[in-house]
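Subject: The two-chain model, handed over

Hi,

Here is the structure I promised to pass on to you.

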Amino acid sequence: MKRRSFLKGTLATGAAAIAVNAGLLTPSTVLADWNSKAFNAKTTDDALNALYGASNATTSGDVVLKAPAIAENGAVTPVTVDASGITGVESITILASKNPIPLVCEYTFGAAAVGYVSTRIKMGQTMDVIAVVNAGGKLLKAEQEVKVTIGGCGG
Amino acid sequence: MSINIRMRGASKGGVAEIKALIKHPMESGVRMDQKTGKPFPAKYIDILTVAVNGTTAIDAQWSGAISANPYVAIQVKANAGDEITITLSDNTGEKGTESLKLK
């Protein structure tokens, strides 16, 4: 009995080790820690560098960014990013260029997800909303200016 | 006290759109209290995950720039009968979770 359970145990850990070696379980999917470096960044470029190690995203028509041209209330600006036309979307990031913390949110996608995010964000003043899509290591983006008549960050 | 989440969703052609409304102040820690001249202490949801039948499909990180009482819509590949679970936690350690079986 002892010998059997011992064998079982070694088999299980062996399989896990092989999975890690094969790159099936990357540390980012196992550990979902809040990326404080990216969220402490003061500029959009710094935030992108902290997330992806690069900030040179190319503008792409496949990244569909829906945001209002004029937001009456900056505290609730509806933003939708649809990247379902791109294959292999790994993550979608939404940035608000002039916010004190430009990085608004970052969504990382697994195999069962579709590259689509819709949410409501706060904007302190008129600025650009930037959607960055990471697909197979390539950074694609879409930008749109949103005019804010009432700021959404207090004061 | 756990965070209150209301969610809805329906599967259509293998893709399910999940919509969720979360009850949370989303205080960024930047907003100033006019009376004291000090910022309101930060309290915002920073991690949100969406799982399909127990397997994580979406892993999101938020800053305090998501609007108060957040609305989220996402899409996952799932069919009727699949269970969708949203799990989240805020920067003070408060947690919330809600599940839904697709029809």
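Before the tour, one definition: two strands pair if DSSP finds at least two bridges between them. Strands themselves are DSSP runs of E with at least two residues, while helices are runs of H or I with at least four, and both are numbered from the N terminus.

A word on where this comes from: it is a predicted model, in which local features need pLDDT of at least 70 and side-chain atom pairs count only at pLDDT 80 or more, whereas totals for chains, interfaces and linings use all residues. Residues are numbered from 1 along each chain as its sequence is written, and chains are lettered from A and ligands numbered from 1 in the order in which they are written.

The two chains

Chain A has four helices and nine strands. Chain B has seven strands and zero helices, and its C-alpha atoms fill a box of roughly 55 × 20 × 20 Å along the principal axes.

I call a residue buried if 20 or more other C-beta atoms lie within 10 Å of its own, exposed if 12 or fewer do, and partly exposed in between, with the C-beta atoms placed from the backbone. On that count, 35% of the 155 residues of chain A are buried, and for the 103 residues of chain B the figure is 36%.

Two residues are in contact if their C-beta atoms, again placed from the backbone, lie within 7 Å. Take the contacts with a separation of 6 or more: in chain A, 64% of them link residues 24 or more positions apart, and in chain B that share is 53%.

Where the chains meet

How many residues of each chain are in contact with the other chain? There are 31 from chain A and 30 from chain B. On the chain A side, strand S6 (103–109) and strand S7 (113–121) each supply at least two residues. The largest share, eight residues, comes from S7(A). That side of chain A divides into 20 nonpolar, eight polar and three charged residues. Here nonpolar covers Ala, Val, Leu, Ile, Met, Phe, Trp, Tyr, Cys and Pro, charged covers Asp, Glu, Lys and Arg, and the others, Gly among them, are polar.

Within its own chain, S7(A) is joined by six bridges to the antiparallel strand S4 (residues 77–82) of chain A, where Val79(A) has Thr119(A) as its bridge partner. S7(A) also runs antiparallel to strand S5 (residues 71–77) of chain B, with five bridges between them; look for Ala113(A) and its partner Val76(B).

S6(A) reaches across too. It pairs with strand S4 (residues 55–62) of chain B in the antiparallel sense over five bridges, and Tyr107(A) has Ala60(B) as its bridge partner there.

The core and a helix

A nonpolar core is a set of buried Ala, Val, Leu, Ile, Met, Phe, Trp, Tyr and Cys residues joined through C-beta atoms within 7 Å. The largest one has 63 residues, and those with the most contacts inside it are Ile94(A), Val104(A), Ala131(A), Val50(B) and Val76(B). Leaving out residues up to four places away in sequence, Val50(B) touches several others, among them Ile18(B), Ile58(B), Val76(B) and Ile86(B).

In helix H4 (residues 44–52) of chain A, the buried residues are Thr44(A), Ala47(A), Leu48(A) and Leu51(A). They sit on the same side of H4(A), because they cover an arc of only 95° around the axis (the arc is that of the directions from the helix axis to the C-beta atoms). Their cover includes helix H3 (36–40), strand S5 (89–96), S6 and strand S8 (127–135) of chain A. After H4(A) comes Gly53(A), with a positive phi near 75°.

Most residues other than glycine have a negative phi. Asn53(B), in the loop between strand S3 (45–52) and S4 of chain B, has a positive one of about 50°. Asn53(B) counts as exposed, with 12 C-beta neighbours inside 10 Å. Asn69(B) also has a positive phi, near 50°, and lies in the loop between S4 and S5 of chain B. With 14 such neighbours inside 10 Å, Asn69(B) is partly exposed.

Cheers
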